[in-house]
Amino acid sequence: MFTRMLKLRLLNVVAPVYFFTATAVTFVFHFCFFVPTIFPVPDAPLWASTTLHTALFLFSMFNALGNYIMTIRYPAASAGDSTVPVCSPHCSDKVDAHYLLNDRHFCKLCRKVILKRDHHCFFTGNCIGQKNMRYFIMFCIHTSCTCMYSLVLGVAFLTMEYSISFEDPLTFLTLLPLSTGYFFMGTISGLQLFLVLMLYVWLGIGLVCAGFCCQQVLLVARGQTWCQMQQGRLQEIQSPWQNNLKDVFGTRWILGLILPVQTVETCSEEKQD
């Protein structure tokens, strides 16, 4: 138990550092390598213009970082619980959280009582619940878009700069092991190997974020949380899925798609109980 909690606390510190490092590296690759190489012609058509692709990249990255900050700024902690109640006898999770009552959990990592806890996100270092679920979902959407967009530009850069053909579907699968071998033989540079590694990082983060996004949207539409599903408490849907989505995304949900701003009114703790 102690060893596992220690690993979880270490992951809680390492994951945000990894995220910010990957973000900084992506930013450098885009403006120092991708844009000068792929879009060098000033009079290119609109779809291939530097301005358009830079605007798309900055839009996705701005929203990803903005919703990341909003997820941390609006924690899911229950302000009405100053003391930790006794764990419910029906609690099935004794490792990182205790199930209490009224859809509350005590998170051992956050050391707070979380209202409608869904899960603990190590990339943000806090729990995801009713108050910050919208920001977490939007963070996953824009992070996935940024990673997939960077992956496409990275493949285009390797094709243009190093004449690597990706026509064969197996090229991407064998790219990392072959590049590692060529690096130790002195055939390719460390920059090329690092870029190849980043392609897999972008692919991995993009797929994980897309998967999280789909899962959370389905749970929100059902009015459920991941904790409830783990505990086998998936009761019948009590309200229409439209109302469940509105509770999380608010009536100004379109604005939330383009800006990391608050789009739903914060309910009082008494109404949430």
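1. Thr 143 lies in helix H3, where helices are DSSP runs of H or I of at least four residues and strands are runs of E of at least two, numbered from the N terminus. With a relative accessible area of 5%, Thr 143 is buried; buried stands for under 20% relative accessible area, exposed for over 50% and partly exposed for what falls in between, using a 1.4 Å probe and protein chains only. Leaving aside residues up to four places away in sequence, Thr 143 touches Phe 19, Ala 64, Ile 205 and Cys 209, a contact being heavy atoms within 4.5 Å. Thr 143 and Phe 62 are 81 residues apart along the chain, and their C-alpha atoms are separated by 9.7 Å.

2. The model is predicted: local features need pLDDT of at least 70, side-chain atom pairs count only at pLDDT 80 or more, and totals for chains, interfaces and linings use all residues. Residues are numbered from 1 along each chain as its sequence is written, and side-chain values use heavy atoms, with hydrogens and water left out.

3. Thr 146 is also found in helix H3, which covers residues 133-162. Thr 146 has a relative accessible area of 7% and is buried. Its contacts, not counting residues up to four places away in sequence, are Phe 57, Ser 60 and Met 61.

4. The axes of H3 and H5 come within 7 Å and cross at roughly 150°. Axes here are lines fitted to C-alpha atoms, for helices over the stretch in contact, and angles run from 0 to 180 degrees between N-to-C directions. That makes H3 roughly antiparallel to H5; angles over 145 degrees count as roughly antiparallel, under 35 as roughly parallel, 65 to 115 as roughly perpendicular and the rest as oblique. The H3 and H5 crossing is left-handed, meaning that the near helix is turned anticlockwise from the far one by less than a right angle, with clockwise giving right-handed. The contact of H3 with H5 has 26 nonpolar, seven polar and no charged residues. In this classification Ala, Val, Leu, Ile, Met, Phe, Trp, Tyr, Cys and Pro are nonpolar, Asp, Glu, Lys and Arg are charged, and the others, Gly among them, are polar.

5. Helix H4 (residues 170-184) and helix H5 (residues 190-222) have axes that come within 10 Å and cross at roughly 150°. H4 and H5 are therefore roughly antiparallel to each other, and H4 passes H5 in a left-handed crossing. The H4 side of the contact includes Phe 172, Leu 176 and Phe 183, and the H5 side includes Gly 190, Leu 197 and Tyr 200. The residues of this contact divide into eleven nonpolar, three polar and no charged.

6. An unreviewed UniProt entry lists residues 12-39, 45-65, 135-160 and 180-203 under "transmembrane region"; such annotations may be inferred rather than shown by experiment. In the model, residues 12-39 are 96% helix and 0% strand, with end C-alpha atoms 39 Å apart. Residues 135-160 are 100% helix and 0% strand, and their end C-alpha atoms are 37 Å apart.

7. Asn 244 sits in helix H7 (residues 241-249). Asn 244 counts as buried at 9% relative accessibility. Its C-alpha lies 5.6 Å from that of Gly 223, 21 residues apart in sequence.

8. For the chain as a whole, the secondary structure comes to nine helices and five strands, in the order α-α-β-β-β-β-β-α-α-α-α-α-α-α. Of the 273 residues, 44% are buried.
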